[in-house]
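Subject: Structure handover

Hello,

The structure you asked about follows below. My notes on what I found come after it.

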Amino acid sequence: MRILKYVLSTLVLSAVALSSVSAIASPAEPKNGVEYKTLPTPQPVDTGKKVEVLEFFDYACPHCHALDPSLTAWVKKQGDSIVFKRTHISRTNTELPQQKMFYTLEAMGLLNESLHSKIFAEMHVNRNRMNRDELVFDFIAKQGIDRQKFTDTYRGMGVQGRVRKAAAMMDTYGVDSWPMFAIDGKYVTSPSMADEGVKAAKTEADLHAQGFQVMDILVAKAKAEKK
């Protein structure tokens with residue numbers, strides 16, 4: 001009888017331990033208005049059955065730079081289930097050469113992950129802030145891009161229109177800090193928002209991990225809503 005009681009006790013303790021580990025490993029359901037927000041008016045997306053994930057970012061932002069490698073890995077992990085897009089933020093009454101560089105490269109079809117990472121490195125590792133047009137043009141020329149074609153596009157009406165659209169999108173999505181993510185035109189979240197409910201993050205890497213957990217759940221939610 002004593003042996004039987006010991007075995008039963010051990011089984012119960014083991015079950016409790018496994019339950020605790022599972023609870024820690026499984027992220028809690030994020031709360032609307034805390035870890036994420038639902039937009040009052042859903043915005044149109046053009047991604048069909050795939051979920052749109054839109055990042056609002058700033059090349060000058062150290063947090064955007066720190067997040068970028070793990071964000072690239074997260075996007076790759078999603079495979080064909082999402083369409084990932086970026087919007088470079090605007091600042092009120094301030095012309096940002098880095099923002100115009102982003103939209104110029106995008107308009108010319110030259111923006112890829114390699115160049116995107118090089119721009120972050122140039123600003124945050126090499127300390128070239130690229131806060132003047134000529135600094136942007138010099139950097140672009142070093143990448144083997146035709147300086148005159150880039151300059152003409154940079155100064156054209158098309159890029160100005162993209163800058164205005166970015167400012168309008170920030171208002172529509174309620175973007176007041178970055179990096180911030182919009183999921184399928186319905187939900188917005190960020191690494192800092194993801195920590196609001198639990199206050200568990202100790203490092204920026206912890207914030208990133210929590211942010212991606214919330215994004216995983218929101219992507220799954222948006223995918224289910226498309227069915």
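The structure holds twelve aromatic pairs. Here, rings of Phe, Tyr and Trp (its six-membered ring) pair if their centres lie within 6.5 Å; planes under 30 degrees apart are stacked, over 60 edge-to-face, and the rest tilted. Tyr 59 and Phe 102 are edge-to-face, because their ring centres lie 6.2 Å apart with the planes at 65°. This pair links distant parts of the chain, 43 residues apart: Tyr 59 sits in the loop between β2 and α2 (62-78), and Phe 102 in helix α3 (residues 97-107). Phe 102 also pairs edge-to-face with Tyr 103, at 4.9 Å centre to centre and 80° between the planes. Tyr 59 and Phe 102 are buried. Tyr 103 is buried too. Buried means under 20% relative accessible area, exposed means over 50%, and partly exposed falls in between (1.4 Å probe, protein chains only). One aromatic cluster takes in Phe 57, Tyr 59, Phe 102, Tyr 103 and Phe 120.

A word on the basis. This is a predicted model, where local features need pLDDT of at least 70, side-chain atom pairs count only at pLDDT 80 or more, and totals for chains, interfaces and linings use all residues. Residues are numbered from 1 along each chain as its sequence is written, and side-chain values use heavy atoms, leaving out hydrogens and water. Helices (H or I, at least four residues) and strands (E, at least two) are DSSP runs, numbered from the N terminus.

Now the sheet. Five strands form an open, mixed sheet in the order β1-β5-β4-β2-β3. Its edge strands are β1 (37-38) and β3, each pairing on one side only. Two strands pair if DSSP finds at least two bridges between them. Strands of a sheet pair through backbone hydrogen bonds, either parallel or antiparallel. β2 and β4 run antiparallel and are joined by four bridges. Within β4, Met 180 is the bridge partner of Phe 56. β4 and β5 are also antiparallel, with three bridges. There, Ala 182 has Val 188 in β5 as its bridge partner. Helix α9 packs on the sheet and touches β2, β3, β4 and β5; its direction makes about 175° with that of β5. Axes are lines fitted to C-alpha atoms, for helices over the stretch in contact, and angles run from 0 to 180 degrees between N-to-C directions. Contact means heavy atoms within 4.5 Å.

β4 and β5 form a hairpin with three residues between them. Asp 184 in that turn has a positive phi of about 55°. In a regular strand the side chains alternate between the two faces of the sheet. In β4, Met 180 and Ala 182 point one way, Phe 181 and Ile 183 the other, and all are buried.

Next, the charges. A salt bridge is a side-chain nitrogen of Lys or Arg within 4 Å of a carboxyl oxygen of Asp or Glu. By this rule the count is 16. Glu 52 bridges to Lys 85, with the closest N and O atoms 3.2 Å apart. Glu 52 lies in strand β2 (residues 51-57) and Lys 85 in strand β3 (residues 82-88), so the pair ties together parts that are 33 residues apart in sequence. Glu 52 is buried at 5% relative accessible area, whereas Lys 85 is partly exposed at 29%.

Lys 186 and Glu 225 meet in another salt bridge, 3.0 Å from N to O. Lys 186 is in the loop between β4 (180-183) and β5 (187-189), and Glu 225 is in helix α9 (residues 204-225), 39 residues apart. Both ends are partly exposed: Lys 186 at 24% and Glu 225 at 37%. Lys 100 bridges to Glu 95 at 3.7 Å. Lys 100 is buried, at 6%. There is also a salt-bridge network linking Glu 55, Asp 68, Arg 86 and Glu 113.

Asn 128 lies in the loop between α4 (113-124) and α5 (133-142). Asn 128 is buried, at 17% relative accessible area. Not counting residues up to four places away in sequence, Asn 128 touches Glu 122, Met 123 and Leu 135. Lys 227 lies in the segment after α9 and is exposed, at 83%. The C-alpha atoms of Lys 227 and Lys 49 are separated by 8.0 Å, though the two are 178 residues apart along the chain.

Best wishes
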